[in-house]
Amino acid sequence: MSEAEILVRRVGPRLLTDAEQQAYLQFLLKGASPAVICTQLGVPYSAVLTTLRECAEFRDDHGDAQALLTQNVEAALYTHAMKGSVPAMTLWLRNRPPNSWKADADGEDAVDELERLSDAELLELATAEGLAVPVAFARGAQASGGEV
């Protein structure tokens with residue numbers, strides 16, 4: 001074992017220098033993976049982890065960089081959704097629904113509640129709400145005992 005390896009074992013993982021921290025963040029913002037960044041800078045990944053754990057300013061800057069990268073992906077997703085991509089629309093809406101679409105207090109979605117109602121119960125609810133119900137549907141729900 002070399003003297004350097006013995007020293008690292010005794011001292012533990014080192015912290016990134018200020019210059020290494022800045023370089024790490026710049027590579028990260030350009031989309032490089034942590035493994036590639038460490039290889040490029042010639043630093044062990046344990047130094048990154050130790051710096052994240054022990055240096056609040058680097059940890060905050062790293063979090064800010066991750067948030068910026070996430071915003072880039074969100075913007076690209078939104079752009080594709082606005083261009084008519086149904087998968088992008090679906091992903092966007094599933095992950096960022098308006099507050100009015102959120103589940104009610106007991107965690108059950110209103111849509112799920114409606115799906116569990118029989119046709120007769122839906123007809124009764126629609127009538128109570130003053131909605132115009134097609135005559136054929138109303139007759140079918142009443143005649144079949146609830147299922148059309």
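Leaving aside neighbours within four places in sequence, which residues is Trp-92 in contact with? They are Glu-74, Leu-77 and Tyr-78, where contact means heavy atoms within 4.5 Å.

1. Basis of the model. The structure is a predicted model, in which local features need pLDDT of at least 70 and side-chain atom pairs count only at pLDDT 80 or more, while totals for chains, interfaces and linings use all residues. Residues are numbered from 1 along each chain as its sequence is written, and side-chain values use heavy atoms, with hydrogens and water left out.

2. Overall composition. The chain has 9 helices and 0 strands, and its pattern along the sequence is α-α-α-α-α-α-α-α-α. Helices (H or I, at least four residues) and strands (E, at least two) are DSSP runs, numbered from the N terminus. Of the 148 residues, 19% count as buried; buried means under 20% relative accessible area, exposed over 50%, and partly exposed in between (1.4 Å probe, protein chains only). The chain exposes about 10900 Å², of which carbon and sulfur atoms supply 57%; accessible areas come from the Shrake-Rupley method with a 1.4 Å probe, and for residues only the protein chains shown count as cover. Among contacts between residues at least 6 apart in sequence, 42% join residues at least 24 apart.

3. Nonpolar core. The largest nonpolar core comprises 12 residues, among them Leu-16, Tyr-24, Ile-37, Val-43, Leu-52 and Phe-58. At least two residues of this core come from each of helix H2 (18-29), helix H3 (34-41), helix H4 (45-54) and helix H5 (56-82). Such a core is a set of buried Ala, Val, Leu, Ile, Met, Phe, Trp, Tyr and Cys residues joined through side-chain atoms within 4.5 Å. Val-43, leaving aside its neighbours within four places in sequence, is in contact with Arg-14, Leu-16, Glu-20 and Cys-38.

4. Helix H5. This helix has 27 residues and reaches 38 Å from its first C-alpha to its last, close to the 39 Å expected at 1.5 Å a residue; the expected span is 1.5 Å times one less than the number of residues. Phe-58, His-62, Ala-65 and Ala-81 of H5 are buried, and the cover over the buried residues of H5 includes H2, H4 and H6. Just after H5, Gly-84 takes a positive phi of about 105°.

5. Packing of H2 on H5. The two helices pack at an angle of about 10°, with their axes 10 Å apart. H2 is therefore roughly parallel to H5, since angles under 35 degrees count as roughly parallel, over 145 as roughly antiparallel, 65 to 115 as roughly perpendicular and the rest as oblique. Residues making the contact include Tyr-24, Leu-25 and Leu-28 of H2 and Phe-58, His-62 and Ala-65 of H5. Axes are lines fitted to C-alpha atoms, for helices over the stretch in contact, and angles run from 0 to 180 degrees between N-to-C directions.

6. Packing of H4 on H5. The axes of H4 and H5 come within 5 Å and cross at roughly 105°, so H4 is roughly perpendicular to H5. Val-48 and Leu-52 of H4 are among the residues making the contact, as are Phe-58 and His-62 of H5.

7. Surroundings of Trp-92. Trp-92 lies in helix H6 (residues 86-95). Between Trp-92 and Ala-81 the C-alpha to C-alpha distance is 7.5 Å, with 11 residues separating them in sequence. His-80, in helix H5, counts as partly exposed because its relative accessibility is 48%. Leaving aside neighbours within four places in sequence, His-80 is in contact with Ser-85 and Ala-88.
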